[in-house]
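Dear colleague,

Please find below the structure that I am handing over to you. My notes on what was found in it follow directly after.

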Amino acid sequence: MATGTKAHFSAPSETELDAEERMSRDELQALQLSRLQWTVRHAWENVPAYRRKFEELGVQPGDIRELSDIRLLPFTTKDDLRASYPFGMFAVPMDRVARVHASSGTTGRPTVVGYTTEDLRNWAKLVARSLRASGVRPGMKVHNAYGYGLFTGGLGAHAGIEELGATVIPMSGGQTARQVQLIVDFEPDVILCTPTYLLTIVDCMIEQGIDPRTTSLKAGVLGAEPWTNQMREELEERLDIDALDIYGLSEVMGPGVGNECIETKDGPHLWEDHFLPEVIDSESGAALPDGQAGELVFTSLTKQAFPVIRYRTRDLTTLRPGSARPGMRRMEKITGRNDDMIILRGVNLFPTQIEEIALGIDALSPHFLLELSRRGRMDDLLVRIEPRPDADAAARDRAAPLLAERIKVQIGTTVRVQLEEPGSLERSAGKLKRLYDLR
């Protein structure tokens, strides 16, 4: 729990929880099986692409008799969704689709997702559940700095704030000076954005002579990019808030697939009454037991317009037993994505590992980027990082070699570290790009 002069949020009482949050594991699994059987039949009957994939494996809806039978079903990938662009994976007629969202499509065709009115209602309820797990209550003011538009973050969070009965401040992303002005003037209790963008807002506050710890903010519900517990500590200390992880992705629903609980802050509990999670070995596709790290896979259980069967998220994590919500499993914070992994001279590393090590060095800030290039016949990784503005010259001189040494010891590979002037690196305006491949 963050400490300071503010009165921080408390956990919801048992009576405030949804009935599904209070279910035993056995009760929840019975509900999951019923909903999984419905989802599989719904996809089989209404999405030709799924029917073809099922038939290729010789699987029919009637083969799903217990939860473990999900392993009989085919995986779905982002390439499958792009191949069906724009509406080929929809399971209802377009006159029943109340809204569409889409990914940015920066690496190819965007993935397009759809929602019926009932889907949107469920989504709002799950975001409201997530916010309540974060300690947010009806009547509080929530500053929503997730981007509005085709990105699911802004509108998805907006509907959940309203569903909870809180007051939404629909700021969207960007215009950082304006963000700071509204935080000061409107005095919100909570902010929703990416963790790196909250850092940008903090820097802007300091530039304007505002002590970030004196604002009205008491919690940040942060997601849409991997971040470490070291980043959590940084944000909690600088803002005197509780920083909680909200998890989601557009292909599965959007924000609100899972959320950390304020009483434990030990990784997002997944709302398993609506989503069935698995962890698999990325290379073989084999299912892994809880407690073993691998790639996160989701099957939706209630989605009408856009059901997903064993969708490979590319996110890397570990499933653990529930804590604050014992019936629902939780996942460890995302360590990275398969497609973010850098293989440097035979060693696998992720940007989050660099972040974790850098934030353990007092003189270094969270502002860094990675440049991967080719030097001769070898790949080379340059870590460009800013020192903290208040670090003295001696501490700055020690910081770069110390970071390189710790990366060598803890990860097992050699990188170059280049110290930049404070404020010189690009700041997040939403999702921050950490890795630049210059090869």
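Helix α1 covers residues 25-46, 22 residues in total, and extends 31 Å from its first C-alpha to its last. That span is close to the 32 Å expected at 1.5 Å a residue. Please bear in mind that this is a predicted model.

Several residues of α1 are buried, namely Leu-28, Gln-32, Leu-36, Thr-39, Val-40, His-42, Ala-43 and Trp-44. An α-helix has 3.6 residues a turn, so residues three or four places apart point the same way. Among the elements that cover the buried residues of α1 are α2 (48-57), β10 (275-280) and β11 (294-300).

Strand β11 contains Ser-300. Is this residue, Ser-300, buried or exposed? Ser-300 has a relative accessible area of 0%, and it therefore counts as buried, for which the cut-off is under 20%. Leaving aside residues up to four places away in sequence, Ser-300 touches Thr-39, His-274, Phe-275, Phe-306, Pro-307 and Val-308. Of these contacts of Ser-300, Thr-39 is one of the buried residues of α1.

Helix α9 (351-358) is mostly covered, with six of its eight residues buried. The buried residues of α9 are Pro-351, Thr-352, Ile-354, Glu-355, Ile-357 and Ala-358. They pack against the helices α8 (229-239) and α10 (393-410) and against the strands β15, β17 (347-349), β18 and β19.

I turn next to the pockets. The largest pocket holds about 1,700 Å³ of space. Its lining consists of 48 residues, and Ala-224, Arg-337, Asp-339, Asp-340 and Lys-431 lie nearest the centre. The elements that each supply at least two residues of this lining are α3 (78-83), α5 (152-164), β7 (242-249), β8 (254-259), β12 (311-317), β15 (336-337) and α9. By class, the lining of the largest pocket comprises 16 nonpolar, 16 polar and 16 charged residues.

The second largest pocket has a volume of about 360 Å³. It is lined by 14 residues, with Asp-203, Ile-206, Arg-238, Arg-388 and Pro-389 nearest its centre. Two or more residues of this lining come from each of α7 (195-207), β18 (364-375) and β19 (378-387). Which element gives the most to the lining of the second largest pocket? The answer is α7, with three residues. In the lining of the second largest pocket there are seven charged, four nonpolar and three polar residues.

Yours sincerely

Key. Residues are numbered from 1 along each chain as its sequence is written. This is a predicted model: local features need pLDDT of at least 70, side-chain atom pairs count only at pLDDT 80 or more; totals for chains, interfaces and linings use all residues. Side-chain values use heavy atoms; hydrogens and water are left out. On a 1 Å grid over the protein atoms alone, a cavity is a set of points where a 1.4 Å probe fits but cannot get out, and a pocket is an open set with protein on both sides within 12 Å along at least five of seven lines; lining residues have an atom within 4 Å of a point. Grid points are joined across faces, edges and corners, and a volume is the space filled by probe spheres set on the points. Helices (H or I, at least four residues) and strands (E, at least two) are DSSP runs, numbered from the N terminus. Ala, Val, Leu, Ile, Met, Phe, Trp, Tyr, Cys and Pro count as nonpolar, Asp, Glu, Lys and Arg as charged, and the others, Gly among them, as polar. The expected span of a helix is 1.5 Å times one less than its number of residues. Buried means under 20% relative accessible area, exposed over 50%, partly exposed in between (1.4 Å probe, protein chains only). Contact means heavy atoms within 4.5 Å.
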